[in-house]
Amino acid sequence: MTEPMTDEPFRTIIEPFRIHSVEPMRLTSRAERAAALAAAGYNLFELPAQDVLIDLLTDSGTGAMSAEQWAAVQRGNEAYAGSPSFQRFRTAVTDLFPFRHILPTHQGRAAEKILFTVTGGAGRVIPNNTHFDTTRANIEFTGAQAVDLPVPEGLQPSLRHPFKGNMDVAALHGLLAERADVVPLVMLTVTNNSGGGQPVSMANIRAVREVCDRYGKPLFLDACRFAENAWFIKTGEPGYGDVPVADIVREMAALADGMTMSAKKDPLANIGGWLAVNDDRLAEQCRSLEILTEGFPTYGGLAGRDLEAIAQGLSECTDDDYLRYRVRSIAYLGEALESSRVPVVVPFGGHAVFIDARALLAHLDPLRYPGQVLACALYEQGGVRACEIGTVMFGLRPDGTEAPAAMDLVRLAVPRRTYTQSHIDYVIEVVTRVAGRAAQLPGLRIVYQPRQLRHFTARFEPLR
Ligand SMILES: Cc1ncc(COP(=O)(O)O)c(C=O)c1O
């Protein structure tokens, strides 16, 4: 007789939470959105958020906190020094990342600013698989050079490779063989945000570590999306299928000498970050700077309640059910776009789907900003806000000249635990409709830009 019940898993992967409180969204007309876009100088960072329907600008700080995190907020202790909230924060951080010194910061870029103020400077070179924009800007601000060394597969949007975020180990070796004296440290960004949200394998982290050891260089992780990266290792790298995510994270940490962190990503908080280092002397220098710019090292620019939210978030983000849902929901969006013939970066990363705007808007020169054009069209058509990751973000060099970025991508970054499947179905419909008319979209020209991080405040005009 056959059993009436079975343990066979269901195909549908559900959101592993129920909604606890809601935030209404405002529907707008296309005419209203066109006017808002013009008023914003065709820069989506300048839009009032209430004019946006589905906000996929970033997954940073935009996630929904859990009931337990809100409860933890109530436990926040606001002592200037030695707060128990800091102790809980430090315990939660070191449980996953057992570095000797943990310096809380108000967000990831503050950790970068402190680290590179101490280790950067004119003539120095800092390699990374791919520097995120704030990391690059913080390095260049000190006069140092930020060098990207992604594996060649990472630069081919349509090529499938399980770990496209990896660093080109031979290129790192080559750089250090020639110029080790000017390299203060090596960084690895997990997952590789600017390179398409792609994961880095444990084998690659280990290989980078070996090269660092050979030249006596410390390795730092830019670990904003460590849990998503660990999930990809668990599900895609031989030998890790049965290893708990938290242990994979500990193994990643054990290969590094320190980290910068934005708690606004995987730790499921709305604000926060930290800098962690093993080296006592470096920690002392960083701590002195932290007091100048962030605050006393047991709060580092955060309220005690923020430290509590991060500590609780860290225990939630390594949960298998959450990570399975998280990574699957990104793939759901990506697969739907791919099957509608929208050119997307494959395989799908952990926090976002990246559209290859250079391929989709092949009629536009990269210096007409196809990524920015596409992002504006998604907003005007459906109120969906996305982010250009391409020539606007990376094309302006420190000497003021301009060159096309390696890729022109549009990132649909999905906030954690915030949108439902029907929201994502709507996004799929908007993107597909815009993609069908992409060849008619005119380019943009810049009418104002600052010298650094221009994508946040530049203003554009459509070329008619
Ligand atoms: C890879 C990476 N590093 C650093 C940062 C900077 O973190 P924050 O926004 O908290 O300053 C980000 C933010 O998006 C990021 O994605």
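This is a predicted model: local features need pLDDT of at least 70, side-chain atom pairs count only at pLDDT 80 or more; totals for chains, interfaces and linings use all residues.

User: Why is Val384 called buried?

Analyst: Buried means under 20% relative accessible area, exposed over 50%, and partly exposed in between (1.4 Å probe, protein chains only). Val384 has a relative accessible area of 0%, so Val384 is buried. Val384 lies in strand E10, residues 384-385. Strands (E, at least two residues) and helices (H or I, at least four) are DSSP runs, numbered from the N terminus.

User: What makes Tyr42 stand out in its backbone, and why does Tyr42 count as buried or exposed?

Analyst: Tyr42 has a positive phi of about 55° although it is not a glycine. Tyr42 sits in the loop between helix H1 (30-39) and strand E1 (54-55). Its relative accessibility is 17%, so Tyr42 counts as buried.

User: What is the phi of Leu268, and why is Leu268 called buried?

Analyst: Leu268 is not a glycine, yet its phi is positive, at about 65°. The loop between strand E7 (258-262) and strand E8 (273-277) holds Leu268. With a relative accessible area of 4%, Leu268 is therefore buried.

User: Which peptide bonds are cis, at Thr191 and at Pro347?

Analyst: The bond joining Val190 and Thr191 is cis, with omega about -20°. Thr191 is in the loop between E5 and helix H7 (202-215). The bond joining Val346 and Pro347 is also cis, with omega about -10°. Pro347 is in the loop between H12 and strand E9 (352-356).

User: How do you know that E13 and E14 pair?

Analyst: Two strands pair if DSSP finds at least two bridges between them. Strand E13 (residues 444-448) and E14 have four bridges, in the antiparallel sense. Arg445 stands opposite Glu461 in E14. Along E14 (residues 459-462) the side chains alternate.

User: What joins E5 to E6?

Analyst: Four bridges join E5 to strand E6 (residues 219-222), and the two run parallel. Thr189 stands opposite Asp222 in E6. From E5 (residues 186-189), Val186 and Leu188 point one way and Met187 and Thr189 the other, and all are buried.

User: What makes a space a pocket or a cavity?

Analyst: The work is done on a 1 Å grid over the protein atoms alone. A cavity is a set of points where a 1.4 Å probe fits but cannot get out. A pocket is an open set with protein on both sides within 12 Å along at least five of seven lines. Lining residues have an atom within 4 Å of a point. Grid points are joined across faces, edges and corners, and a volume is the space filled by probe spheres set on the points.

User: What is the volume of the largest pocket, and which residues are closest to its centre?

Analyst: The largest pocket holds about 1,200 Å³. It is lined by 39 residues, and Glu23, Gly63, Ala64, Arg417 and Thr418 are the closest to its centre. Helix H2 (67-74) and helix H12 (320-339) each supply at least two lining residues.

User: How many cavities of 30 Å³ or more are there, and what lines the largest?

Analyst: There is one cavity of 30 Å³ or more. The largest cavity has a volume of about 90 Å³. Its lining includes Asn43, Leu57, Cys387 and His455.

Conventions
Residues are numbered from 1 along each chain as its sequence is written. Side-chain values use heavy atoms; hydrogens and water are left out.
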